[in-house]
Amino acid sequence: MRETTPKGLHRLAFGGDYNPEQWPESVWQEDVRLMREAGVTMVSVGIFSWALLEPEPGTYDFGWLDRILGLLHENGVRVDLGTPTVAPPAWFYRAHPEALPVSREGVRYSYGSRGAICHSSPAYREAAARITTQLARRYATHPALALWHVHNEYGVPVSACYCDTCADGFRRWLDARHGSVEAVNEAWGTAFWGQHYTSYEQIDPPRLTPTVGNPAQQLDYRRFADATMRENFRAERDVLHRLSPGVPVTTNFMTALSQSDSVDYWAWGREVDLVTNDHYLITDGRRTHVNLAMAADLTRSVAGGAPWLLLEHSTSGVNWQPRNPAKRPGEMARNSLAHVARGSEGAMFFQWRQSRRGAEKFHSSMVPHAGTDSRVWREVVRLGADLDSLAGLRGTRTVPDVAMVWDWHSWWAQSLEWRPTEDHEARERADAFYETLYDRHLTVDFAHPEADLSAYPLVVVPALYLTTEAAGRNLREYVENGGTLVVSYFSGIVDEHDAVHPGAYPGALRDVLGLTVEEWSPLGEGESVRITGPDGASLTGDVWTEFVVERGARPVWTYADGPAAGRPAVTRHRLGEGTAWYVSTRLDAASLDVILSAACEDAGIEPRVELPRDVEVVRRSGDGGDFLFALNHTAHDVKVPLEAPGTELLGGEHAAGHLPVPAGAVRVVRLDA
């Protein structure tokens, strides 16, 4: 049985990426002294250190790493030790320029940043296995070692390479997946536009073409690129498992839909011993704490509901967005504890000490350029103490209320060219549905469309363009067995090969929804439609309309104008013991709430009317007890109702009745049994 918790770490993880190689050794003693002051329990080391560890091919220098690991151990700090394979040295690329990736346009990237890797390169694979083996042999039994950290943020900034080596790998992958060239032709529909192949040698990656290329080929190539990165991860992981048994192996994900779209995290979650994630606030005008909650819920779901670990976030501003504001006082702790509420076993940062040089010198850190006489440092020290007081919740699990179906393959397929409108985005619908559930104070699990959904009274499907027959059966059985389902438009349309399901839309979801769709009629830019419902109520939709025909479903809301005037806009279908809702136009979060309110009533989910907007209440439960997190993202003091009395762990006070939560603050109550 594989180990899933950092070895020797008996508190919540608190620390960050530590890059001592950027600093003279005279700074190291100061670093560990400050780590003790802040309550740091673990740091990540060596992630970008390949050039220093192997300055020439086959020549190794571990002296500096020996010294820093020894110093950290002496000061009680555990180590997440990286394999530095995200940044091969300059000598490697000088010897193997073919290992640099090639863009779809045929341009080979140059050395000088990070992640510039052709994951099909035999030379890269050999070199990565060699440095990983050396590290494992040297540090497998080191007393500071808590966790192995392979590579860094797979898929960022490059996931797919289009070189000739990748072309060969793609052909082998196609043969393993499809079994024959004839099967590839069938899956890709190559009879269209005369693209028929008679041998694998004729198949190339989907490089730049004069007009739109074969969509099924593009979808398969995204799968191939993801699988190739995962194969390289497994190769390093297996070396570490063999030479360093008992120490878990991870790699840091970027599950937020705002940060990475090239990785199938359902597949990756099965490969790591411990799911870890990096998350950064996207300052695009949206409510950043909602995006944070969504990313944390998605990460927990990739972990199968088990505890996971936030391996990177920022103490304050970042440096890579168009505008990078500082976090407000208290926001760093609130962000950190929001992740913990939703299942993280700690809060780690990029990075420990702010760099003086390089591309990220303006990215915030635990020890800023301003030093310890700064707001950031004082908040870091306070957060360390707060996390220490929460050690008792280790191993507990976040309690979900509802589920949202999400599939990266469907997102990839929907994002290809020549769809009915460029205004419909899978991520936008996922964000809107999540935000609506968030504002109803419901904790969301994410689920693969073929996963067991029986534990959830309500399941929402915001965007499932690609729906396999198995997924369609799964959703139907969920409803027949008593579940409540809400499906948004442009779902159920194609199979795993991007081929339209036979018959009328919505294909694989016709039966469960009890309807067909004759045609779509996307709206022009800035156009909207009005839909009317019970008691003459009115909502507004935009982007999309449909000509819906009831086949057992009944209309609840109707198009009052627009191309589909008089036709059903929102339907409800009783099937077996459950109910399926269908929303055929794009509604904003406020309008969606009207529909989801009715669906919640079907599901028996009571409204939480006492909680103000932007106040989160999340629960973790397990052998360690029941823990209620209350996070106030507003500028006003609030009171949160408690279902049972308990002890507020950040302050130590008894809590009963209504829990006071000051503006911008967090409270954590261990409820009495």
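A cavity here is a set of grid points where a 1.4 Å probe fits but cannot get out, and its lining residues have an atom within 4 Å of a point. Keep that in mind for the first stop, and remember throughout that you're looking at a predicted model.

**Stop 1: the largest cavity**

There are 8 cavities of 30 Å³ or more, and the largest holds about 80 Å³ of space. E23 gives the most, with 4 residues.

**Stop 2: Glu 345**

Next, pick Glu 345, which you'll find in strand E9 (residues 344-349). Is Glu 345 buried or exposed? Its relative accessibility is 15%, so with the cut-off for buried at under 20%, Glu 345 counts as buried.

Show its side chain and look for two partners. One is the side chain of Arg 620, joined to that of Glu 345 by a polar contact of 2.7 Å. The other is the backbone nitrogen of Gly 395, which lies 2.9 Å from a polar atom of the Glu 345 side chain. Leaving aside residues up to four places away in sequence, Glu 345 also touches others, including Leu 12, Ala 13, Pro 307, Trp 308 and Leu 309.

**Stop 3: the open sheet**

Switch to cartoon view and trace the 10 strands of an open sheet with mixed pairing, in the order E12-E11-E13-E14-E21-E20-E19-E16-E17-E22.

Zoom in on E19 (residues 554-559) and E20 (residues 568-575), which run antiparallel and are joined by 4 bridges. Click Trp 557, and its bridge partner in E20 is Val 570. Then bring up helix H17 (residues 589-603), which packs on the sheet and touches several strands, among them E19, E20 and E22. The direction of H17 makes about 170 degrees with that of strand E21 (578-583).

**Stop 4: strand E29 and its partners**

Finish at E29 (residues 666-671), which pairs with strand E24 (residues 625-632) in the antiparallel sense over 6 bridges. Here Asp 626 stands opposite Leu 671. E29 also pairs with strand E26 (residues 646-648), again antiparallel, over 3 bridges. Look for Glu 648 opposite Val 669 there.

Definitions and conventions:
Residues are numbered from 1 along each chain as its sequence is written. This is a predicted model: local features need pLDDT of at least 70, side-chain atom pairs count only at pLDDT 80 or more; totals for chains, interfaces and linings use all residues. Side-chain values use heavy atoms; hydrogens and water are left out. Two strands pair if DSSP finds at least two bridges between them. Helices (H or I, at least four residues) and strands (E, at least two) are DSSP runs, numbered from the N terminus. Contact means heavy atoms within 4.5 Å. Axes are lines fitted to C-alpha atoms, for helices over the stretch in contact, and angles run from 0 to 180 degrees between N-to-C directions. Buried means under 20% relative accessible area, exposed over 50%, partly exposed in between (1.4 Å probe, protein chains only). A polar contact is a pair of N or O atoms within 3.5 Å; within protein, one must be able to donate a hydrogen and the other to accept it, and residues adjacent in sequence count only if both atoms are side-chain atoms. On a 1 Å grid over the protein atoms alone, a cavity is a set of points where a 1.4 Å probe fits but cannot get out, and a pocket is an open set with protein on both sides within 12 Å along at least five of seven lines; lining residues have an atom within 4 Å of a point. Grid points are joined across faces, edges and corners, and a volume is the space filled by probe spheres set on the points.
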